Structures are given as structure tokens and as C-alpha cells.
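Please read the following note with the sequence and the model open side by side. It takes up a few selected features in turn.

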Amino acid sequence: MRPSSDERGNPVSTTSVAARDAAERALARLMSFDDALLADLDAAIAADPGWALPHAMKAGFVLGLTDPARLGDAARHLAAAHDGTREPTPRERAHLAALAHGAEGRWHQACRVWDELLLEHPRDALALQWAHQWDFHRGDAHHLRARPARVLPEWDEADPLYPHVLALHAFGLEENHLYAAAEDAARRALALDARVPWAVHAVVHVMEMQGRFEDGAAWLRQHQPAWTDGHGFATHLWWHVGLFRLEALDTAGVLRIVDAHLSNDVLRTTLQRVDAAALLWRLHLLGVEVDGCCRDLVAGWPLADADAGHHAFNDVHVLLARLGARDVAGAEHWLACCAARALGSADDAARANHAPARDVGLPLMRGLVAFARGDFDAAATAIHPLRATAQALGGTHAQRDLIDQTLLAAAAQATSRPAKAIGRALLNERLLAKPATPLTRHWAQQLGLAERALARSA
Ligand SMILES: [Fe+2]
């Protein structure tokens with residue numbers, strides 16, 4: 001019998017049960033961060049080549065990787081979706097419109113289209129997942145929490161995707177510093193389905209923000225079957241394992257994580273390389289020799305100058321990899337390429353990346369270059385004001401903590417009173433946010449403020 005809707009009542013235009021079911025499997029994999037969804041989408045397309053949605057799902061998956069080199073692939077999948085012989089439903093047309101915005105870099109508009117769609121179809125998991133992902137990329141903590149909250153009561157708890165929606169909610173709560181509620185929601189999701197990586201991840205972030213590095217490492221070990229099974233998200237969770245080791249000041253352990261799970265043998269996507277750069281930079285700040293690792297990372301990162309300026313968050317990490325490799329000239333060249341795009345044409349000004357790149361990304365990169373050149377006073381005073389707006393870069397609080405750690409390292413090596421005062425203020429903030437970890441005590445010592453950290457850890 002011809003299907004008229006997916007398993008949650010959302011209208012579909014396919015005439016094939018096999019195609020609908022394959023797209024359903026792909027949707028479940030999308031929410032599980034399982035890259036094998038592409039094979040399911042190929043199966044859906046084979047069963048009904050004229051159905052737009054599986055092509056659109058391929059486009060959305062590729063766009064979400066934020067890899068400028070893959071934009072051509074996304075455009076081809078979108079063109080195939082528009083070439084479909086079957087008339088899309090209004091819901092499917094809305095997805096195509098959102099993805100067209102996304103492909104042109106208009107990420108805010110894409111999320112607004114999905115918001116409208118969810119008002120009528122609150123169980124459209126595709127809209128929810130994609131909008132959540134783009135909230136993450138564009139640093140919209142409000143919608144990370146509010147959008148899943150707006151739809152959650154409309155879902156049947158028996159729906160196999162419900163734990164995934166609960167996990168989205170948990171992550172949004174965490175990014176709004178509602179740690180107890182976040183951990184509760186994530187644990188409820190995992191009680192319903194132990195294999196929900198986003199729920200595992202939400203708890204990881206809670207533990208990271210609360211300085212529970214031993215709990216976090218144990219949690220990831222406990223839930224390893226949910227996240228090591230050959231999908232792209234495993235690299236990010238290994239990055240989190242590395243962060244917990246870093247908090248314990250186990251730098252040798254972090255290097256082993258990099259070698260085994262964040263080296264070129266493993267890295268496939270821009271987002272994975274961003275994590276590798278972030279971990280290596282943190283080690284660099286601690287004085288660990290990572291030049292060779294950074295050189296390998298840069299060598300394996302397929303980037304052309306024209307790729308600069310796609311996403312400021314990623315661009316900063318490209319710069320960090322080059323600085324970590326002690327290639328300051330290469331970093332400055334990359335910065336200039338990013339600036340040309342961020343300060344360039346009116347077309348680029350319509351992109352969501354434009355303002356964050358101009359207002360945060362570029363000045364941050366200039367401060368990082370000053371740091372690499374050993375001008376720690378200039379680095380501290382250049383980077384410090386950006387803390388207030390850094391969320392616009394996207395990513396998580398844990399990822400952007402790299403900015404604070406750079407400031408702590410800069411202040412520790414600076415000589416001016418303003419830079420030293422920044423270091424003291426950041427340390428105060430850190431000590432109130434979480435117990436004094438070995439990493440925080442290290443920065444306290446470097447700043448000559450060890451007695452504060454000792455008092456907090458007593
Ligand atoms: Fe994370």
C-alpha cells in the first residue's frame with residue numbers, strides 16, 4: 001500500500017514502502033551519528049528515484065560537516081532532489097528550502113524554516129535534528145534548549161526516536177548551564193535506549209563543565225559500546241577522553257589518545273581535524289612538544305586558500321594547527337585569506353558566518369598569532385574582550401574553553417599589569433565554576449596564585 005506519511009505521521013510523497021522504510025533507517029542513523037546512513041539513503045533512492053527527500057537528506061548530511069570541499073557534493077544532492085519526478089509535499093518542500101539556505105551559508109534562515117515546519121509537524125525529527133545541529137554550528141544556545149523543549153511533549157515515549165529527542169533536550173540544557181536537569185534528561189534517554197551517543201555526550205559535557213574529570217572518564221568507558229562502533233562521532237568522544245586526561249594533567253595520556261584516535265590514520269572530516277587541532281593546542285599551551293603532530297595534521301588537512309572563511313570556528317582551528325606546527329607565516333597567510341572573505345563582498349555578508357568571522361574570528365586569530373610570536377601582553381589584551389561574544393563562533397562551551405586556556409597561558413607569561421589581572425580574574429572565575437583540578441592548579445601556579453587553588457581544593 002502506498003505510504004502517505006513516515007512513522008510519526010509526517011507527510012511523505014514517496015509511493016514506495018521500501019523507500020520510506022530505508023529513509024526511516026537513515027533518519028535513526030542520523031540521530032545516532034552513524035555514517036552508514038548514506039547506504040540507507042542510496043537504498044531509498046534505488047527504491048524510488050523520483051522521491052526528493054532521500055536526496056535532500058544526503059545534502060543535509062554533507063552540509064552539516066561544515067567542510068567547504070564538500071559543498072559541491074551538497075549542491076549535487078540538492079539538484080537531484082529538485083529533479084525528482086514526484087511532487088514533494090509542502091513539508092518536503094520546506095526541507096528543500098531550508099537546505100537551499102544552508103547551502104548558501106544562510107544558516108539562520110535555514111533554522112527559521114525548520115522552526116516554522118516544527119510548529120505544524122512537531123514530530124519531524126529531521127527538522128529537529130538539523131536545526132539543532134545548525135544551532136550548534138552558529139552558537140545559538142537559546143534554541144539548542146528551546147526547540148527540543150517546544151516539541152518534546154508532542155512525542156510518544158514509545159517512539160524509538162524519542163530517546164534521541166530527549167538527548168537533544170539534554171544537550172541544550174547543558175549549553176545553558178542547567179547541569180542537573182541536563183544530566184537527568186540524558187540519563188532518562190539512556191535508560192530508554194543505551195545506544196544514544198548524543199545523550200552520552202550531554203553527560204560528558206556536564207561532567208566537563210563541573211570539573212568531574214574522573215567521573216567523565218569512567219562514564220565514557222562505561223558507555224563505550226554506544227559510541228565506538230565505527231561512526232564519525234567516536235573521534236569527538238575520544239577528544240573528550242583527551243580533555244578529561246588533560247584536566248588530570250596527564251599529558252602523556254593525551255598524546256596517546258591523539259596518536260591512537262586523532263591522527264591522520266583516523267581523521268576523515270573537518271570537524272574531526274578541528275578536534276585534533278584543539279587538543280594539540282591545549283598541549284602546546286602546557287609546553288608539550290607537539291610540533292610534529294601539528295605538522296602532520298596540517299599536511300593531512302585538505303584545504304585550499306579558497307576554503308578560508310566558510311566557518312570561523314573551523315578557521316580558528318586551522319590557524320591553531322599551523323601555529324602549533326610553528327608555521328607562523330602559514331598561519332598569517334590563512335588569516336589573510338579568512339579576512340579577505342570576511343571583509344569582502346556583499347554576497348558573503350549574507351552568510352551567517354560573516355559577522356562572527358569579522359567580529360570574533362579575525363580578532364581572535366590576530367591575538368593567537370601575537371601569542372605565537374611571544375607577545376603575550378598583546379595576546380591577552382586582544383583576546384580577553386572576545387570572551388563576551390565568542391559564543392557566536394559556534395561550538396560548545398567546552399570547545400571554546402580553549403580561549404580561556406590560551407588567556408591563562410598568555411597571562412602567565414605576560415609582564416604587564418593588565419595581562420596579569422586578566423589571568424587572576426579568569427582563575428577566580430574558574431575556581432568558582434568547578435573544584436580546583438590538577439589543570440587549574442597548574443595555571444594557578446603559573447600565575448603565582450597557587451594559594452587560591454589550594455584553598456578551593458581543600
Ligand atoms: Fe562535545
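This is a predicted model: local features need pLDDT of at least 70, side-chain atom pairs count only at pLDDT 80 or more; totals for chains, interfaces and linings use all residues.

1. Domains. The protein chain is divided into domain 1, residues 1-139, and domain 2, residues 262-458. Taken over C-alpha atoms, the centres of the two domains are separated by 34 Å.

2. Contact between the domains. Domain 1 gives 13 residues to this contact, and domain 2 gives 16 residues. On the side of domain 1 that touches domain 2, the elements giving two or more residues are α6 (107-120) and α7 (125-137). The residues of that side of domain 1 comprise five nonpolar, five polar and three charged.

3. Helix α9. This helix covers residues 162-175, which is 14 residues. From its first C-alpha to its last, α9 reaches 20 Å, close to the 20 Å expected at 1.5 Å a residue. Because 14 of the 14 residues of α9 are buried, the helix is largely enclosed by the rest of the structure. His177 follows α9 and has a positive phi, near 65°.

4. Residue Val62. Val62 lies in helix α3, residues 52-63. Is Val62 buried or exposed? Val62 is buried, because 22 other C-beta atoms lie within 10 Å, and the cut-off for a buried residue is 20 or more.

5. Surroundings of Val62. When neighbours within four places in sequence are left aside, Val62 is in contact with Arg70, Asp73, Ala74 and His77. As for Ala97, it is 35 residues from Val62 in sequence and 16 Å from Val62 in space, C-alpha to C-alpha.

Key. Residues are numbered from 1 along each chain as its sequence is written. Helices (H or I, at least four residues) and strands (E, at least two) are DSSP runs, numbered from the N terminus. A residue is buried if 20 or more other C-beta atoms lie within 10 Å of its own, exposed if 12 or fewer, and partly exposed in between; C-beta atoms are placed from the backbone. Two residues are in contact if their C-beta atoms, placed from the backbone, lie within 7 Å. Domain bounds come from an automatic or database domain assignment. Ala, Val, Leu, Ile, Met, Phe, Trp, Tyr, Cys and Pro count as nonpolar, Asp, Glu, Lys and Arg as charged, and the others, Gly among them, as polar. The expected span of a helix is 1.5 Å times one less than its number of residues.
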